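Please look over the structure shown here together with its sequence. The briefing after it is meant for reading beside the model, residue by residue.

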Amino acid sequence: MKWTNKGHEYDSVYENMESKKEFYLFGAGDYGNQFFNIIKKEIRLLGYIDNSPAKQGQKINGLMCYSLENIKLTENQGIIITMSQIARTKVITQLTKAGFTADKDFFLIEEFLSVYYAYKYNKVYFSSISFLPSTRCNLNCRYCLNFNPFAKEFFVRDLPSLKMDVDLFFQCVERIMLFHISGGEPFLYKNITDIIEYIDSNYGNKIDKLRTVTNGTIIPSDKVCNKLSKCNIEVTIDDYTNALPKTKNKLDMLVKKFNEYGIKHYINKVDNWINLAPEATDFSNMPEDFLIKHRDECTQSWQELRNGKLYNCNYASYASVAGIAGEEDIEEVYDLSQYNSSKAKELIEFRLGFTTKGYTNFCKTCRGFKSTNNIDVPAAMQSTGLLKIQKKELI
C-alpha cells in the first residue's frame, strides 16, 4: 500500500473499531488464544467463531464457539479475524459473501492489535516479526523461500549485531504477539542459544510467544537443549519426511530429545509450499500502478528485522540477501533508529504494509502470495541433494 496520508491512514478504521462495543473472534486456534490473552481486558468479547464443527458448541477460554451462520451482528458488534494469513483467505471470502465489509464489520488481527493500541494509548503493538541470525542450512530446497539455492554464500550475522537489533526493536515496540527466530536452519547457527537467552531474559515480558523453527534434520547437543529448556521458547519442527523419508529417524530422535528436556515444541506437517517463481516471473516493464496493485493483492504480511531496520516484505529482503532482487529499496525500509513516540501511528502503518513506493523491487520478479498464484510445489524438494557444509559464509 502506498502512503498518501502518513500517520493518518487508519483514522477512519479506528473510528469504526471504536463504534463497536462487542466483538467475536473468528478463529479459535493458536492466534485466537494469543490475541485473547492480550485483548481480554480491553474489549468486550462475545465468543469465538470457527468453521470447525468440533469446536462449535464448545467453550474456549470461557467463551462459546459458534458457526458463522449462527451469528447476527448488530451495528455495535464486530468480528476480528484471528488466524494466519494463509488460513484467513477463505474466511475473508466467506465474510464478504455473507454481506460483511472489511474494516467496518470485520478486522484483521494484526490490524486491530496495532491500530487499537496506537490510537488509544500511543503504544506500538506488533503481531509478529521475523528475525534471521543466519541463512545457513544443510538442505538445498529448490523452492526455498530464503532463496538459498540462488545465493553464492550463506549470510551469517555476529551476536553483538543481533543484540543491538533486539535492543533497538524493543525501544520502539511495546509488545509483540510472535517474535520468530527463523533461518536457514537456526540450529546450525553457533550462537542460537545465546540470542534466545538474551531475548527471553531481557524482553520476555514484552513477547507473547518466542518461537524458533527447525527442519527436523539437526539434533541439537545436550548443552543446547539444556539451555533451551530454561527459556520460554517454543520450537516448530517442520516435518518434511514426505520429501525426505530418510530423515524420519532424525525427526523421531529430535522429538524424543525435546521431550526429555521439556522443551516446548510442535510438529508442523508440511507437504506443499507456494512457488514465488523469481526465476520465471518478469514484471519489470509493468507500470507502477500495476506493481502497487500487485503488492496490495499479496497477502504476505511478514517483515524482517535486520541492521536496525524493518524490511517491508521479508521475502523481498531474503531475495536481496541472496542476490536475486538487486539493491534493497531504501523507500521500503523503516529505520528504527529514527523512531520516537510521536511516530507510533507511522510505524504501525509501515508494519501493516504502507510504504513510500507501495511496492518493492522484488515485486517485479515475484508471483506473490495471491489467490491467483495457485502453484503449489512439493515442500523440501531438493535441487542437488544436501548442500556441502563448506559453502562459503558471508558475515
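What follows covers the sheet, the aromatic pairs and the charges placed over rings.

This is a predicted model, in which local features need pLDDT of at least 70, side-chain atom pairs count only at pLDDT 80 or more, and totals for chains, interfaces and linings use all residues. Residues are numbered from 1 along each chain as its sequence is written, and side-chain values use heavy atoms, with hydrogens and water left out.

- Strand E5 (residues 77–81) runs parallel to E6 and is joined to E6 by 3 bridges, and Ile80 has Phe107 as its bridge partner in E6.

**Aromatic pairs**

- The structure holds 26 aromatic pairs, where rings of Phe, Tyr and Trp (its six-membered ring) pair if their centres lie within 6.5 Å, and planes under 30 degrees apart count as stacked, over 60 as edge-to-face and the rest as tilted.
- The pair of Phe170 and Tyr203 is stacked, because the ring centres are 4.7 Å apart and the planes are at 10°.
- This pair links distant parts of the chain, with Phe170 in helix H5 (residues 159–172) and Tyr203 in helix H6 (residues 192–203), 33 residues apart.
- Phe170 counts as buried at 3% relative accessibility, and Tyr203 is buried at a relative accessible area of 15%; buried means under 20% relative accessible area, exposed over 50% and partly exposed in between (1.4 Å probe, protein chains only).
- Tyr315 and Tyr318 form an edge-to-face pair, 5.7 Å centre to centre with 85° between the planes; both lie in helix H10 (residues 314–322), 3 residues apart, and both are buried.
- One aromatic cluster is formed by Phe23, Phe35, Phe107, Phe112, Tyr116, Tyr117, Tyr121 and Tyr125.

**Charges over rings**

- Lys6 lies over the face of Trp3, 4.2 Å from the ring centre, under the rule that NZ of Lys or CZ of Arg is within 6 Å of the ring centre and within 35 degrees of the ring normal.
- The charged end of Lys345 sits over the ring of Tyr119, at 4.1 Å from its centre.

Conventions: Two strands pair if DSSP finds at least two bridges between them. Helices (H or I, at least four residues) and strands (E, at least two) are DSSP runs, numbered from the N terminus.
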